[in-house]
Amino acid sequence: MDLDAYQAARQSAALIDLRGRGKIRASGPDRVSFLHSMVSNDVEKLAPMAGRFNTFLTMKGKIVASFYLYKFDDDLLIDLDADLTATTIETLNKFIIMDEVELEDVSSEWAHFSLQGPSCDQAAKLLLGTAPPQAQLHLAQGAFQGRTAWVIRKADLAQDGCEVLLDSESGEDFGKAALEKGSALGIKAADDEVVETLRVEAGRPRHGAELDEGRYPMEARLNEALDFDKGCYIGQEVVAKATYIGGVARLLCRLALKGEKVPEKGAKVVNEEGRTAGSVTSAVYSPRLGHPIALAYLKKAYIEPGTMLQAVLGEDHAQAQVVESFG
């Protein structure tokens, strides 16, 4: 692991290249009302130049996609995993009947970067001429090389952070400028291994690991994506029943492990009697904590912080304690 880049997220800022993410533009006079009726969080009350975490669910209340939705003056922009872009557009299009709304894959039009760490404001001012707004997921307009850019307050993998959206043609130059001009601030480029370590430390679920169409948003503790007062949306009845009546059988939890060995994805988690308590979805070695950590779906009988379990590592076992956070 690049420990310099890892430490930058704690001490200065880590630059993360997000140009591989997908982007969907929703335009047309009914864009707000249509998406409001489709997704799990409120779109109608979203302020201009602000964003909100959201999920799009199946009729059975399971996750098709999770994403960030941003409201611009003339359209809405959905930021999501690239692998989910086509499926999300295709599925949403099936519900467009009389609505005047158009969904378009605009991934190729955008460059996207993240600056995670305490120096993010200084870096944004240096590169874009403006700092991100104080409120989370709010946007401010800046400029890079004379072209419009947007900076978003988004502490995702560190105590503070921001993201930058700009046109795709400016992406290469921005990445270079962030490292060259930001060298005095200690900015370092974070590779996939560093990003994955920071993600697990932050307890952030991702698609392909913790999230898929077999999971309810409540299982993954995606409460920030759910609005229980907005009225009907696809999957809303199932979400409401699971929240207020039946609950879910498993919840995503954090495990602190003893030893040095990192469990593989899918590794069983058992109790002292050897009974299955759940399974690991993601695991890394945390340099900051000095031991492995993991995210795992656990049966509700084992979710309380302090619960002692064991992760199965081939023929070995490692003690694993359920913790509320990784500090």
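Arg52 has Leu69 as its bridge partner in strand S4. This is a predicted model, in which local features need pLDDT of at least 70, side-chain atom pairs count only at pLDDT 80 or more, and totals for chains, interfaces and linings use all residues. Residues are numbered from 1 along each chain as its sequence is written, and side-chain values use heavy atoms, with hydrogens and water left out.

S4 covers residues 63-71 and pairs with S3 in the antiparallel sense over eight bridges; pairing requires at least two DSSP bridges between the strands. Strands are DSSP E runs of at least two residues, helices H or I runs of at least four, both numbered from the N terminus. Five residues separate S3 and S4 in a hairpin, and Gly61 in the turn has a positive phi of about 80°. Of the eight residues in S3 (50-57), seven are buried, meaning under 20% relative accessible area, with exposed over 50% and partly exposed in between (1.4 Å probe, protein chains only).

Next, Glu210. Where is Glu210 found? In the loop between helix H6 (192-202) and helix H7 (236-246). Glu210 counts as buried because its relative accessibility is 0%. Residues touched by Glu210, beyond four places in sequence, include Arg199, Arg204, Arg215 and Tyr297; contact is heavy atoms within 4.5 Å. Its side chain makes a polar contact with the side chain of Ser282, at 2.6 Å. A polar contact is a pair of N or O atoms within 3.5 Å; within protein, one must be able to donate a hydrogen and the other to accept it, and residues adjacent in sequence count only if both atoms are side-chain atoms. The C-alpha atoms of Glu210 and Asp229 are separated by 26 Å.
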